[in-house]
Amino acid sequence: MATTVTGTVLNKSLIAIAISSLAINSIAGEFSLTPSLKVEGTYTDNVELTEQNKKDSFVTQLGVLLDAQYNSQYANFSLKSDSTYASYSHDHEIDDDFNSLQSNLNVMLWPNGISFYAQANIDNRSRNSARNSLADIVSGDLVRVNTYATGLSYIIVNSDFELDINSGYQKISSEDNLGENEGIQHIISTRNGRNARNIYWDANANYQDRENRGQDAKYFQAEVKVGWISGFNFNPFIRYYDENNEGDINQGRSLESNSYGIGLRWLATPRLYIDLSY
């Protein structure tokens with residue numbers, strides 16, 4: 001069965017867009033808005049993607065698309081939306097609206113790399129990917145999934161080292177209430193810059209704390225590599241990896257794992273390397 005985007009979801013999206021627009025209007029920059037219309041017709045001899053009792057249908061899609069871009073020295077904003085009405089010749093009772101949205105806002109708060117970000121994403125996914133992974137607007141059987149995220153990021157890139165720190169909040173909700181969760185996530189990564197002559201490193205860590213209806217889950221993963229620059233295309237390194245996952249929400253990860261060992265980095269090209277480790 002097709003899905004319906006409720007007025008509440010659309011209102012939240014419009015409010016988020018309005019707030020984003022107010023935030024960036026105070027910063028001089030370039031704004032562009034490109035609206036377009038979509039008309040599509042698709043004939044299928046198995047609209048429900050079933051093995052038996054196949055039904056043919058002609059599916060008509062009428063849509064309005066918006067593409068907005070804003071760029072300035074300290075702020076960037078993008079929005080892509082698609083509002084489509086689908087009509088099915090075999091059963092007009094399932095005619096419905098399908099809406100998708102991708103919106104990103106990034107505002108630099110400090111010249112040294114501290115930025116505020118906000119993201120919104122609304123899309124339609126297969127209700128049961130194991131049974132029908134090919135579901136789309138033509139075949140229906142979709143469920144709306146909303147993802148919202150906001151937080152702070154700190155990025156430094158220079159010839160000596162690179163550092164990327166991200167700390168934020170994310171909420172995922174779905175029309176069928178499956179897979180919903182919300183919580184915080186902290187990510188940090190660092191590596192050497194191009195001026196490194198003797199020692200190179202590559203490290204990253206990821207911590208998540210999520211909850212859903214009284215259940216929670218904590219996940220931690222970290223990996224560190226430190227190596228010696230030999231002057232040739234093969235550079236040895238030592239590594240350490242640690243992973244821990246606990247809680248009630250199943251995220252498809254192992255409960256715990258840690259390892260250490262040695263490895264070799266092959267510089268295939270100046271911009272491509274391959275790590276082999278044990």
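**Exercise 1. Find what share of the chain's contacts between residues at least 6 apart in sequence join residues at least 24 apart.**

Solution. Take a contact as heavy atoms within 4.5 Å. Keep the pairs at least 6 apart in sequence; 51% of these join residues at least 24 apart.

The model is predicted: local features need pLDDT of at least 70, side-chain atom pairs count only at pLDDT 80 or more, and totals for chains, interfaces and linings use all residues. Residues are numbered from 1 along each chain as its sequence is written, and side-chain values use heavy atoms, with hydrogens and water left out.

**Exercise 2. List the secondary structure elements in order.**

Solution. From the N terminus, the order is α-β-β-β-β-β-β-β-β-β-β-β-β-β.

**Exercise 3. Locate the nonpolar surface patch and its main contributor.**

Solution. Join their side chains within 5 Å. Areas follow Shrake-Rupley with a 1.4 Å probe.

- Ile199, Val224, Val226, Trp228, Ile238, Tyr240, Tyr260 and Ile262 form a patch of about 850 Å².
- Strands E10 (215–228), E11 (234–247) and E12 (256–269) each give two or more residues.
- E10 gives the most, three residues.

**Exercise 4. Classify Tyr240: buried, partly exposed or exposed?**

Solution. Tyr240 sits in strand E11. Buried means under 20% relative accessible area, exposed over 50%, partly exposed in between (1.4 Å probe, protein chains only). Tyr240 has 41%, so it is partly exposed.

Definitions and conventions: Helices (H or I, at least four residues) and strands (E, at least two) are DSSP runs, numbered from the N terminus. Patches are made of residues with over 30% relative accessible area and no salt bridge: like charges are joined within 9 Å, nonpolar side chains (Val, Leu, Ile, Met, Phe, Trp, Tyr) within 5 Å. A salt bridge is a side-chain nitrogen of Lys or Arg within 4 Å of a carboxyl oxygen of Asp or Glu.
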